[in-house]
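Please keep the sequence and the structure in view while reading.

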Amino acid sequence: MAGGTVCVLAGSGLGLLQFSTFLGDGRSDPLLLLPSLVLSLGGGYAVLFPGISVSRQGVKLYRDWRHHPPAAKVLWVLSLAVAIGGLAACILSGLANPLLPGQLVWLFTGIYLVLAGWSSALLGQAAVVRAKAPGMAGDFAGATAPGR
């Protein structure tokens, strides 16, 4: 997951370099564009897939909100903010230049995938710890109503 995060940072750096070049002369350089795409998306998915697979029993995001670690909550909310901000930036930039969203889309996507992957890993690990801790949700799985 750390390697994927580094790849996204490198891809975002190349993407920003390509973006500044695009703004300067209105042309894109495929030698910077494709590595940025591969590093951003490949690194993002390299973080997201292991992050999702941490918890096998599933994470109840809203129901267990008070029990989640603060860092996981911050990362999850930040990932949503990056996704919404990236979508808005791509829509607004498309009004100015129809080629501009293609330059921006994976910069936001890679960062979103990394944030979502790390938050999923933290939320999933917290759910595993809660399920194994005595007196937590795992002990009530077989509970029945009194009188049954």
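In which helix is the place of Phe49? Phe49 has its place in helix H2. Helices here are DSSP runs (H or I, at least four residues) and strands are runs of E (at least two), numbered from the N terminus.

The model is predicted, so local features need pLDDT of at least 70 and side-chain atom pairs count only at pLDDT 80 or more, while totals for chains, interfaces and linings use all residues. Residues are numbered from 1 along each chain as its sequence is written, and side-chain values use heavy atoms, with hydrogens and water left out.

**Overall make-up**

The protein has four helices and zero strands, and the pattern along the sequence reads α-α-α-α. Of its 148 residues, 34% count as buried. Buried means under 20% relative accessible area, exposed means over 50%, and partly exposed lies in between (1.4 Å probe, protein chains only). The accessible surface comes to about 8800 Å², and 72% of that belongs to carbon and sulfur atoms. Accessible areas come from the Shrake-Rupley method with a 1.4 Å probe; for residues, only the protein chains shown count as cover.

Contact means heavy atoms within 4.5 Å. Among contacts in the protein with a separation of 6 or more, 76% are accounted for by residues 24 or more positions apart.

**Annotated segments**

An unreviewed UniProt entry places the feature "transmembrane region" at residues 31-53, 74-97 and 103-123. UniProt positions are given in the numbering used here, feature names are shortened, and annotations may be inferred rather than shown by experiment. In the model, residues 31-53 are 96% helix and 0% strand, with the end C-alpha atoms 34 Å apart. Residues 103-123 are 100% helix and 0% strand, and there the end C-alpha atoms are 32 Å apart.

Rings of Phe, Tyr and Trp (its six-membered ring) pair if their centres lie within 6.5 Å; planes under 30 degrees apart count as stacked, over 60 as edge-to-face and the rest as tilted. By this rule the count is one aromatic pair. Tyr45 and Phe49 form that pair, which is stacked, at 5.5 Å centre to centre and with 20° between the planes. Both residues lie in helix H2 (residues 30-52), four residues apart, about one turn of the helix.

Why does Phe49 count as exposed? Phe49 counts as exposed because its relative accessibility is 54%. Tyr45, at 38%, counts as partly exposed. Together with Ile52, Tyr45 and Phe49 form a nonpolar patch on the surface, with about 330 Å² of accessible area together. Patches are made of residues with over 30% relative accessible area and no salt bridge; like charges are joined within 9 Å, and nonpolar side chains (Val, Leu, Ile, Met, Phe, Trp, Tyr) within 5 Å. A salt bridge is a side-chain nitrogen of Lys or Arg within 4 Å of a carboxyl oxygen of Asp or Glu.

Pro35 is also found in helix H2. This proline is partly exposed, with a relative accessible area of 31%. Not counting residues up to four places away in sequence, Pro35 touches Leu14 and Pro30. The C-alpha atoms of Pro35 and Ser12 are separated by 9.9 Å.

Ser119 has its place in helix H4 (residues 100-132), and Ser79 is found in helix H3 (residues 70-96). Trp76 lies in helix H3, and Leu122 has its place in helix H4.

| Residue | Contacts |
|---|---|
| Ser119 | Ala72, Leu75 and Trp76 |
| Ser79 | Tyr112, Leu115 and Ala116 |
| Leu122 | Pro69, Ala71, Ala72 and Leu75 |

Is Ser119 buried or exposed? Ser119 counts as buried, because its relative accessibility is 0%. Ser79 is buried at 1% relative accessibility, and Trp76 is buried with a relative accessible area of 18%. Leu122 is partly exposed, with a relative accessible area of 34%.

The C-alpha atoms of Trp76 and Ser119 are separated by 5.3 Å, although these residues are 43 residues apart along the chain. For Leu122 and Leu75, 47 residues apart along the chain, the C-alpha separation is 9.2 Å.
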